Every structure is written in C-alpha cells, then in structure tokens.
Amino acid sequence: MKKLMMSSAAVALIASAAAADEVRVYNWSDYIDEALLEKFETETGIDLVYDVFDSNEVLETKMLAGGSGYDVVVPSGTFLQRQIAAGAFQKLDASKLPNLANMWDTVKERTVQYDPDNAYSINYMWGTTGIGVNTGKVTELLGEDAPVGSLSLIFEPSNMEKLAECGVHFLDAPSEMIPAALKYIGEDPDSHDPDVIAKAEAVLAGVRPHIQKFHSSEYINALANGDICVAFGWSGDILQARDRAAEAENGVDIAYNAPSEGALMWFDQMAIPADAPNPEAAHTFLNFIMDAQNMADASNYVYYANGNLASQPMLEEDVIGDPAIYPDEATLENLYTTTPYPAKVQRVVTRLWTKIKSGT
C-alpha cells in the first residue's frame, strides 16, 4: 500500500488549527478556583491546559531556556523584570484587553518598577511574606508573650530550638528568605552587595538545625493539619491553611502576621511568553481573568489580594476587610520590595542558599 506523505506546510497548518483551540497556562499551585477554569472553557470554547509550579526558580529555568510551550505564565515581579530583559516575553496588545480598565492604579504604580509602563504583564495577585503560627502550640512552647509578629520568632535560635518540637517550615525561596534575614539585622533587604548578602548566612545558619523543611507549598496543609506550628510563607497560603483548619474543626487555630520589622510585598504577574504557541488565546485568557467578577471569585477562593479595583465591591468581607490580606496604610508603608539580583550576585545567592539548605 502506498504511504500518504503529508507536506510540512500541511502539518504546520494542522498544528496551528489545533493550537487555535487551546491555551496553555502555567501558574502557581493552589492559586485559582478550578470552577473559573471550567467557566473559561464554557464561555470561550477554548480548551485550557493548566499546569502548576511552586517556585519562581522552576519557572525561570523554563522561560530562559525558551520553548516552554506555554501561552500564559505567572512569574513574581523580580523574576519578571529579569525575564523581560532577557527577551522572554512579548508586549501585551491592549486593544485585545478591554478589561484593563478594571485594574488598580495603586498596584500598577508599584509593579511598574518590574515592568516599565506595565507593557508586558498584568497583576494577578499580590501580598506579603510573613509568619504563620499555630497559636496554641506556639503559646504552649514560648508563652503568652511569644513574638509572633516579629522576625525574632524565626531568626532567634533560642526560639527556634523550642519551636523545633512542633515543626517549622521555611519557603524554598532565596529571593525572599535572604532579604528577610537582612531586614532582621537592620541591613537593606534589597542589597546587591555580596558582602551585605553574606551577612544573611549567619542568621540562617544559626536556625538551620531547627528547620524541618524548605518548601514553597507543603506548609499549607502541614499548618492546617497541625503537623507544624510555624511557617514563614506567603500571606494567602497561610490564610488558606487557617480556613482549612477552621473548616475541618480540628482545633488548630492559625494566625498570620506581617513582621513588624517590615515585610516583603510581592506581585505575581501574568505574562505571555515571546514564543507562546497561541498569543491570541492568551489575550483571551488574560481578559477573562481581568473581568471584575472572575477576579473577585479568584480572590475569594485563594484569600489573596488582587490588582483589580473593579473586583473590590464583589469581594467577601473576610477578604477585603482582613488587614492581613488588604493591609492598612500604616502596614503598607512598612512593606518593602526587592529588585532582581544581577547574574554575578545571583550566583552568590544560589551558593549561599544551597549551603544553608544542605546544612553544611
């Protein structure tokens, strides 16, 4: 039987037609109401392939290697800035994004430091990095005056030695943990000076023996289940743990505090890779996400603040009214942001972090 040969042009045409009906999104784990994903497919007729990651480093490896295969990805601000400079993203076509009118100037004014003119990205969620505690266990071990709102809780070895009895998790995120350690000792958390960054090593090494795990998502369930008593993590994750524990009625009471010394304010930005297979569908997805009701539904589900002003009237009171999610002005003024490490400094940071994690 004679084989039917298909031209490369025909193969490309078929692949293009398939891609036209599909959008591939790569987002953080535990970060959206899955009902929204189904709603997107129903409303648009576009198939959605939705994959997850749990560290900026994993995403950055894919982005800088090129050919990620994704149409929408969600880096945090500092990583976005470095990836824009590397040519990893394409500019957004505002004519395809009428819901840009819903976005919040207060957030756009802060994200512009990572994305000049906000030309390459939209804000999905933002929040702070701070301390989650199992109030009962921490009080039992450290007393009623435990410094639950201070970095001393996690960076003072005498505290951590006691807390090790009930378990402590740190983010596996050097771009967050090192600035926090520097803030604790009164140094600039955004320092790019290797000599200053090196000072974080003593802080982290001093408590390393008492850290059960470095991970950027497992602490949610671990806190909620009472398996650990302290996590240094992202605000919304810790609030999700609080609510899961409340729903389970398991007697675990979780509280979140932005450190009194100052907390990192971070932004997760949705952007379209330069080599996205389907940029048209990517714009459709971004515009869908920026719909006020959809964005409110996302925040109401994950307990993170978003950069969409029009969504705020639709937010549940325990989201918009919770200062741990939408901080008051005084707290906002005490937050800091960081900028990407240059390549040479990044290597210093990576070596330091590897050393801390390995405990050597």
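This is a predicted model: local features need pLDDT of at least 70, side-chain atom pairs count only at pLDDT 80 or more; totals for chains, interfaces and linings use all residues.

User: Which residues touch the most other members of the largest nonpolar core?
Analyst: F155, F170, L204 and V230. That core holds 118 residues.

User: What does L204 touch, beyond four places away in sequence?
Analyst: F155, F170, I178, A181, L352, W353 and I356.

User: Where is M177?
Analyst: In helix α9, residues 174-184.

User: Buried or exposed?
Analyst: M177 is buried, because its relative accessible area is 0%, and the cut-off for buried is under 20%.

User: And what is M177 in contact with?
Analyst: Leaving out neighbours within four places in sequence, F155, F170, L171, F232 and W353. The C-alpha atoms of M177 and L204 are 8.6 Å apart. Along the chain, 27 residues separate the two.

User: Switching to strands. How do β4 and β8 pair?
Analyst: Antiparallel, over 4 bridges. β4 spans residues 121-134. N134 sits opposite I254 in β8.

User: Which residues of β8 are on the covered face?
Analyst: I254 and Y256. A255 and N257 are on the uncovered face. In a regular strand, side chains alternate between the two faces of the sheet.

User: Now loops. What is the phi of D117?
Analyst: About 65°, positive although D117 is not a glycine. D117 lies in the loop between α5 and β4. D117 is exposed, at 71% relative accessibility.

User: What about E249, where is that found?
Analyst: In the loop between α13 and β8. Its phi is positive too, near 50°, and E249 is not a glycine. E249 is exposed, with a relative accessible area of 73%.

Note on methods:
Residues are numbered from 1 along each chain as its sequence is written. Side-chain values use heavy atoms; hydrogens and water are left out. Buried means under 20% relative accessible area, exposed over 50%, partly exposed in between (1.4 Å probe, protein chains only). Helices (H or I, at least four residues) and strands (E, at least two) are DSSP runs, numbered from the N terminus. Two strands pair if DSSP finds at least two bridges between them. A nonpolar core is a set of buried Ala, Val, Leu, Ile, Met, Phe, Trp, Tyr and Cys residues joined through side-chain atoms within 4.5 Å. Contact means heavy atoms within 4.5 Å.
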